[in-house]
Amino acid sequence: MHADTEDAYNEDPYIEDYALIGDLQTAALVRRGGSIDWLCLPRFDSAACFAALLGDRDNGHWLLAPAAPDARPRRSYRGDSLVLDTVWETPTGAVKVTDFMPQRDRAPDVVRIAEGLRGSVEMHSVLRLRFGYGHVVPWVRRAQGCRVAVAGPDSVWLRTEPEVKTYGQDFSTRSEFTLAPGERVTAVLTWHPSHEPRPRVIDPYEALESTVEDWEAWAARCRYDGPHRAAVLRSLITLKALTFAPTGGIVAAPTTSLPEELGGVRNWDYRYCWLRDSSLTLKSLVSAGYLEEAAAWRDWLLRAVAGDPADLQIMYGLGGERRLAESELPWLSGYGGSVPVRTGNAAVEQRQLDVYGEVLDSLHIARTAGLPAKPHSWSIQRALLEFLEGNWREPDEGLWEVRGPCRHFVHSKVMAWVAADRAVRALEARPTLRGDPGRWRAMRDTVHREVCERGYDPERNTFTQSYGSAELDAATLLIPRLGFLPGKDPRVIGTVDAVRRELGADGLVRRYTIDGATADGLTIDGLPGSDGAFLVCSFWLADALYLTGREHEARALFEKLLTLRNDVGLLAEEYDPAFGRQLGNYPQAFSHVGLIQTAFTLFGSAGAH
């Protein structure tokens, strides 16, 4: 076996070396070198069976690539789909590997098709299944011409067409074969619960055709037709790929614990659905013409937040689950040595008052977009606002889930204003709805007055992160977008300038000020270390520049942000300007939502048809 070649693929990759494939219930990350290094089955939030992304190859991966160590890959998505084609050039010829996950009937499948293009190319495959996040080595046997791996509740079948000889070595399943022009070998990996019979076998070539057709039919519905359409559409496809089709929930990212700082501890599980993302996500889907997806997301939101308004969480599971207990996986060495690796998210217990405004803004967007009303929707909104009316003056932990003390975050107060404003506007549009517009107008005015008095620093002409603080927060860039103040207001212009000056990083924007540590080594957010430029905040800056009349600067920043995408158009959560690489969980829905929204902000109705 070509151990030296496999060792070459075990070198630490950049986050942007990965491409995404998925079936609208889970997703895999495919490395530029031909290895699938992350896959959770059967759902986004299930335990990973390939976890090399957060450890090494012994934590599970699936390599399919030419045996030649100097093979050069070139990859792209096929048209407007999530089917990944990688063309390899070798000294003896060329070969194409196609990776995809068909939308499932019942069982999830990963399909890999290797096809000879020119000359003669020796290929090799190494499959290391490690269930339980890279921890459990399965028992592997032969059955019905396949390799079957079983460990506890998990079972995976590997079959090839035509059948290729496989053998076991170092707790992996391996094979070698040679491809001439026109020859193809297909490998299909299928998961199912180990107590159930083997699922139906798919035809890989029919599945490929239908997968491409389904994605391109979906992409054809996009209403955006302005500049940089390919980038906007790829972001929309990515957003769709992060949707859990059975419920309509959209995960923040398909990964956990990709670090905000290399070698640091800011490593979180993003395989859940955040309320903070809801309004911008819904607006992106509506703007682009995807009303069906917007309605599914709205319906998920209504189910998730139903119940006592006091129990509203900042995030939920794919089906609206509330218990997302955080734990650490000590057997994983972490991406780039960044530990701990976490599953679950303790921030679910935080008090973040901004989410009430996010929910009411989302439902306002759905209402104005003409989405079919739900009978109980207004009752839920009224209950949420009535709770917020009695609690908005309380401190909270803020949009960014800081693990420090509660404070009076300006953004949280602005979102309380948004909640009251959207409720008032709903009653003005439909006077038959139950509610007290006079009381809610009074709340709106009170919140506005307090934020302008206590959350604004007149000496520096900027809104601050929290009442009485000197720190800044990129979330204040949303003030004109949310309608709290007009873009030409001097306080908004001053805030934009201050954020650029104090939070800027090579033209991009960090979330908030974290300079200066306390005696115990912690920064203002209660954590050690730092993070990179937050990409969605940088898109917010482009929006704010446009809304304050600096259109040329806004477009220049937008175009700069587009250059940070990887070769297949994907963005992580953050970017490190010093090292020129992406950071954080990947691909990140919020970053792609930012790209979509900024395109519509800059190019407006000219970008929609």
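**Close-up views of a predicted model**

**View 1. Helix H14 and what its buried side packs against.** The buried residues of H14 pack against helix H4 (229-241), strand S26 (508-509), helix H13 (535-547) and helix H15 (589-603). Those residues are Ala554, Leu557, Phe558, Leu561 and Leu562. They sit on the same side of H14, because the arc they cover around the axis is only 145° (the arc is taken from the directions that run from the helix axis to the C-beta atoms). Here's the background: an α-helix has 3.6 residues a turn, so residues three or four places apart point the same way. The length of H14 (residues 551-562) checks out too: at 1.5 Å a residue, its 12 residues should span 16 Å, and the end C-alpha atoms are 17 Å apart, which agrees. (The expected span is 1.5 Å times one less than the number of residues.)

A few ground rules for every view. This is a predicted model, where local features need pLDDT of at least 70 and side-chain atom pairs count only at pLDDT 80 or more, while totals for chains, interfaces and linings use all residues. Residues are numbered from 1 along each chain as its sequence is written, and side-chain values use heavy atoms, with hydrogens and water left out. Helices (H or I, at least four residues) and strands (E, at least two) are DSSP runs, numbered from the N terminus. "Buried" means under 20% relative accessible area, "exposed" over 50%, and "partly exposed" in between, using a 1.4 Å probe and protein chains only. "Contact" means heavy atoms within 4.5 Å.

View 2. How many of the 8 residues of S8 are buried? The count is 8 of the 8, so S8 is largely enclosed by the rest of the structure. Gly93, Val95, Val97 and Asp99 point one way from the strand, Ala94, Lys96, Thr98 and Phe100 point the other way, and all are buried. S8 pairs with strand S7 (residues 84-90) in the antiparallel sense over 7 bridges (two strands pair if DSSP finds at least two bridges between them). A hairpin of 2 residues joins S7 to S8, and Thr86 has Val97 as its bridge partner in S8.

View 3. Arg104 lies in the loop between strand S8 (93-100) and strand S9 (109-119). Is Arg104 buried or exposed? Arg104 is buried, at a relative accessible area of 14%. Its side chain makes a polar contact of 2.9 Å with the side chain of Asp23 (a pair of N or O atoms within 3.5 Å; within protein, one must be able to donate a hydrogen and the other to accept it, and residues adjacent in sequence count only if both atoms are side-chain atoms). The Arg104 side chain also reaches the backbone oxygen of Pro42 at 2.9 Å. Setting aside neighbours within four places in sequence, Arg104 is in contact with Asp23, Gln25, Thr26 and Pro42.

View 4. Cys40 is buried, at 1% relative accessibility. Searching the whole structure turns up 0 disulfides (a disulfide is a pair of cysteine sulfur atoms within 2.5 Å).
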